[in-house]
Amino acid sequence: GWAGGYPEIVKENELFERYYRELGIVPAGEWDAFMAALREPLPATLRITGYRSHAKEILHCLKEKYFRELQDLEVDGQKVEMPQSLSWYPEELAWHTNLSRKILRKSPQLEKFHQFLVSETECGNISRQEAVSMIPPLLLNVSPHHKILDMCAAPGSKTAQLIEMLHADMNVPFPKGFVIANDVDNKRCYLLVHQAKRLNSPCIMVVNHDASSIPNLQIDVDGRKEILFYDRILCDVPCSGDGTMRKNIDVWKKWTTQNSLQLHGLQLRIATRGVEQLAEGGRMVYSTCSLNPIENEAVIASLLEKSQGALELADVSSELPGLKRMPGITKWKVMLKDGQWFEEWKDVPSNRQTQIRPTMFPVKDEEKLKAMNLERCLRILPHHQNTGGFFVAVLIKKSPMPWNKRQPKVHQKLPQRTGDTEVTATNSNNGSGCITEEPILAESEDSKKMEELQNSDTEQSKKEGVCGPPPSKKMKLFGFKEDPFVFLPEDDPLFLPIEKFYALDPSFPKMNLLTRTQEGKKRQLYMVSKELRNVLLNNSEKMKVINTGIKVWSRNSDGEQFGCAFRLAQEGIYTLYPFIHARIVNVCIEDVKILLTQENPFLSKFSSETQKKVKDMAMGSIVLKYDPDPEKPDDLQCPIVLCGWQGKTSLRAFVPKNERLHYLRMMGVEVFKAKRKEEELENKTEEEVQHRLAQTEEGMDLEDKEHDLVTKMEAEIGEESSQSPVESSAMEIENKIEDLDQSGKNANSHVSQESKDMNASNAKD
């Protein structure tokens, strides 16, 4: 029948049931429970960002305030089920609840909880992520010094987990490790950027490549070029997704074995490319949200077989205690969409040998099969812990891959075409995709001269610190054309006033500052870690970088008269703060409340200590620091660092709206009611002033592309309309409105057009 204008999807698929019954992946006697679980909607799950110093405060706030209010709540005569922590996730940082979006909006208490979730998600303090999706990053065992590649990263929830693990120690602003997050889909890369940017890390780079042929990157090691091998690789490959039936109900009617047969080759090629780029002793996690052995055990078995002992499956049975899992299987069959079964490759007729490949079948040699330890793989079944279906295998690399025994020596001066090695796909006897890496020799003197010319150009741009998009001949550019990444020269006059104004520590790594423009005024300054700078400078000609770096300073039109043209940016303040020795004002908790609840409070409203501190300080950008008092346990017990602006008679915080709400919640201020009152009492003319000024800031930011499109549209527009722009001093705001009106309109039309384009692409995804 029709419900709400759409035909109701019947949750039945005879071929699906026949296939999985025959394979026996579900234990005897559990089939009905398995199918019943698949027909139930998936519980919503959330994860608290673990590395933030205030993770404990958020957890406390959730448990003591929001969950307690839900305890005896009834909606439509039904008692609301209390959220439960995931028993296997460390430190109670992941929770699941059966509350649907519809129910969340039906009750004021639930609406308040929903608003809390949305706001904290925007700040990056909470991620709404499926429970089983949290498993692969946990099994990677990441340390802050690890170099990590996420091969198929979009939409980015697992990438966010990896970034959190790098920043396990909040006192280290620049961990030695980094995450390179890749996705083949250009549009989804911007979604990935948006996810990653919520965490404000200088150690993440988003790139746009086909994972099955992602290029070898080089790094400079003591003046010598070396190939970059990764300590950890997450290989969460594209799959048929039959483990997601509970949330993607379309799978019920679209499911067929053909999906798995078509994806198997791609999955094997991506996994093969992954293990090639893995360092010896490194760990790669292969995962899918599919239950099908053709996409799972068959890929792993084929990879192990052709590795000839270079790879082994890690035994992770003791990791994540509390997680119910099934061991990998060693016997399976292949079925066509017409229901025809094949047990061995020799049984497949020649007209079917393009659909079915030899790597899809289990290994026949019992000794070989036993040595593979396929039972060390793990399969998560939906009915065991009320989750989606999932498959994970953890591989450890013991030695170079057999086809890579002669690793190309990068530091030898070989004539090059697309870097130091060219990756070519060849078909081995058994039909699997195997990748070979060989240094390429020049065919003639002419090509040698061409290479020398290209290399000299690359070296020149490297010296200038410019990492532009790769030349179109070497790589097909698609999607949006990215602005170059330009590192600030050591003697750049732009930096001296900044260094003096903020009294930056001599250890400040100014070489890691970059902009996104080669000509004209530099509007924003971004920062990356030393290790990512090394990657950027040595690979700009072979890598399409979508985004990297964290914004630390923004140009401010009023700033120059106060001695510095750049104000601090809240996004990068936790990275920058350890290096700043001037313009820091320590504030008490009452001052913080005033700063976060009032737009432009007069100095007289603050404590006498704060007034004394700012009395002799020059106007301009400042740091506002709150340190918890252990003797007052009822007060907020985590430090806060805010960007502020000191005017002649006022002091204000320059913080995005959701971050303001976050800090107020942590301090016990009721923001839900405050928000309602704010909406009712807001002055219309004041609203127009703020709107026009926000539009002008958008126009300024557009000139520099604001580092990426999605973050600019989804985050910045929301933030800037709620921030008080310090680009104009309080006294000059009214005088500027008329001048800014026209430019605001232009900027707004530009943004709305881009928003339409991006919304269309998101709907498509």
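Predicted model: local features only at pLDDT ≥ 70, side-chain atom pairs only at ≥ 80, totals over all residues.
**Entry 1: helix 10 against helix 11**

I began with helix pairs, keeping in mind that two packed helices are described by the angle between their axes and the distance between the axes. I looked up helix 10, which covers residues 257–276, and helix 11, which covers residues 297–307, and found that they pack at an angle of about 45 degrees with their axes 10 Å apart. I therefore noted helix 10 and helix 11 as oblique to each other. The crossing in which helix 10 passes helix 11 is right-handed. On the side of helix 10, I listed His264, Gln267, Leu268, Ala271, Thr272 and Val275 as making the contact, and on the side of helix 11 I listed Ala298, Val299, Ser302, Leu303 and Lys306. Sorted by class, this contact of helix 10 with helix 11 holds 6 nonpolar, 4 polar and 1 charged residues.

**Entry 2: helix 20 and its partners**

I then turned to helix 20, residues 657–666, which packs with helix 3, residues 55–70, at an angle of about 65 degrees, the axes being 10 Å apart. Angles of 65 to 115 degrees count as roughly perpendicular, and helix 3 and helix 20 are therefore roughly perpendicular to each other. I noted the crossing of helix 3 and helix 20 as left-handed. From helix 3, the residues Glu57, Ile58, Cys61 and Tyr66 meet His662, Arg665 and Met666 of helix 20. By class, I recorded 4 nonpolar, 1 polar and 2 charged residues in the contact of helix 3 with helix 20.

Helix 20 also packs with helix 18, where I found that the axes come within 10 Å and cross at roughly 145 degrees. The crossing of helix 18 and helix 20 is left-handed. Here I wrote down Lys593, Leu595, Leu596 and Thr597 of helix 18, which meet Arg660, Tyr663 and Leu664 of helix 20. The classes in the contact of helix 18 with helix 20 come to 4 nonpolar, 1 polar and 2 charged residues.

I checked Phe602 against Lys648 and found the two 46 residues apart in sequence but 9.2 Å apart in space, taken from C-alpha to C-alpha. When I left aside the neighbours within four places in sequence, Phe602 was in contact with Thr649 and Ser650.

**Entry 3: two backbone exceptions**

Last, I looked at the backbone, where most residues other than glycine have a negative phi, and most peptide bonds are trans. Against that background I noted Glu91, which has a positive phi of about 60 degrees although it is not a glycine. Glu91 is found in the loop between strand 6 (84–85) and strand 7 (94–97). I also noted a cis peptide bond joining Ala154 and Pro155, with omega about 5 degrees. Pro155 has its place in the loop between strand 9 (147–150) and helix 7 (157–166).

Key:
Residues numbered from 1 in each chain as written. Heavy atoms only, no water. Axes fitted to C-alpha atoms, helices over the stretch in contact; angles between N-to-C directions. Helix = DSSP H or I, 4+ residues; strand = E, 2+ residues; numbered from the N terminus. Parallel < 35°, antiparallel > 145°, perpendicular 65-115°, else oblique. Left-handed = near helix turned anticlockwise from the far one by under 90°. Contact = heavy atoms within 4.5 Å. Nonpolar A, V, L, I, M, F, W, Y, C, P; charged D, E, K, R; others polar.
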